[in-house]
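Hi everyone, thanks for coming. Let me put the chain up on the screen, and then we can walk through it together.

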Amino acid sequence: MRPTVLTVAGSDSGGGAGIQADLKTMLALGVHGMSVVTAVTAQNSLGVQGVWELPVEAVRAQYRSVVDDIGVRAVKTGMLSCAPVVEAVAELIAGTDAPAVVDPVGVSKHGDPLLAASALDSVRTRLLPVATVATPNLDEVAQLTGIRVVSEDGMREAAAAVLAFGPRWALIKGGHLPGEAVDLLTDGTEEHWLRAPRYDNRHTHGTGCTLASAIAAQLAKGRSVPEAVTTAKEYVTGAIAAGFALGAGIGPVDHGW
Ligand code: PLP
């Protein structure tokens, strides 16, 4: 049977990030993608022009419809918008027998808020404890832990602080540091440093969504966390290298490379 993966995230009308990036990634990696929409954004290459949250009951109902009939082999979460949705999704994941990849999305590349400040505590105390892998970038690390990482050494400290919230693994994404794109994956015992060349390409919209979805797709196919993250990083590196211009701003990563 084809592995099934569920994304719980926001819609990006421009098709570059969010639910749209997640489903494209899942298609490219040979799993059946399904979606729980948490919010609708009016969005393009220039930024987010509007956000409409779905009622928490609509989020719960979509999740239950999928799980009760089709079943999920892995879950991925992205933009969750507000505390009631974060808490409902954490509870749903806790009741699902499948690994969960949590991308603690806070702010878009253009600086648009995708999570209410009042929801940060729910991410720390409710969502991260039920995550199999948490995938914060350095801005999200700062938001969640107060730690400002400026070097690879700092990534270790950041990982320990993220793991203290309870996810089984932390993937600290160091892509915002200069030089090579270095990520640290650790469960507190094993340490995997993942390195990729930096491509001089500004068209990187949807990078984080794509990586988290690729990890979930590989977990659904039965890979271990280190294997899933390593192959997912290869996938997103290719997608970044092939990112292309659309509109007047930042174009999307490419899922068809
Ligand atoms: N829009 C939605 C709906 C998202 O879920 C995300 C990221 O998770 C973004 C926008 C931000 O994408 P980026 O920071 O790659 O521009």
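Let me begin with a term: two residues are in contact if their C-beta atoms, placed from the backbone, lie within 7 Å. On that basis, among the contacts in the chain with a separation of 6 or more, 68% join residues 24 or more positions apart.

Two words on what you are looking at. This is a predicted model, where local features need pLDDT of at least 70, side-chain atom pairs count only at pLDDT 80 or more, and totals for chains, interfaces and linings use all residues. Residues are numbered from 1 along each chain as its sequence is written.

Now the overall fold. The chain has eight helices and nine strands, taken as DSSP runs numbered from the N terminus (helices are H or I, at least four residues; strands are E, at least two). Its radius of gyration is 16 Å, close to the 18 Å from the globule rule for 257 residues, so the chain is as compact as a globular protein of that length. That radius is taken over C-alpha atoms, and the rule is 2.2 Å times the number of residues to the power 0.38. The C-alpha atoms fill a box of roughly 45 × 45 × 40 Å along the principal axes.
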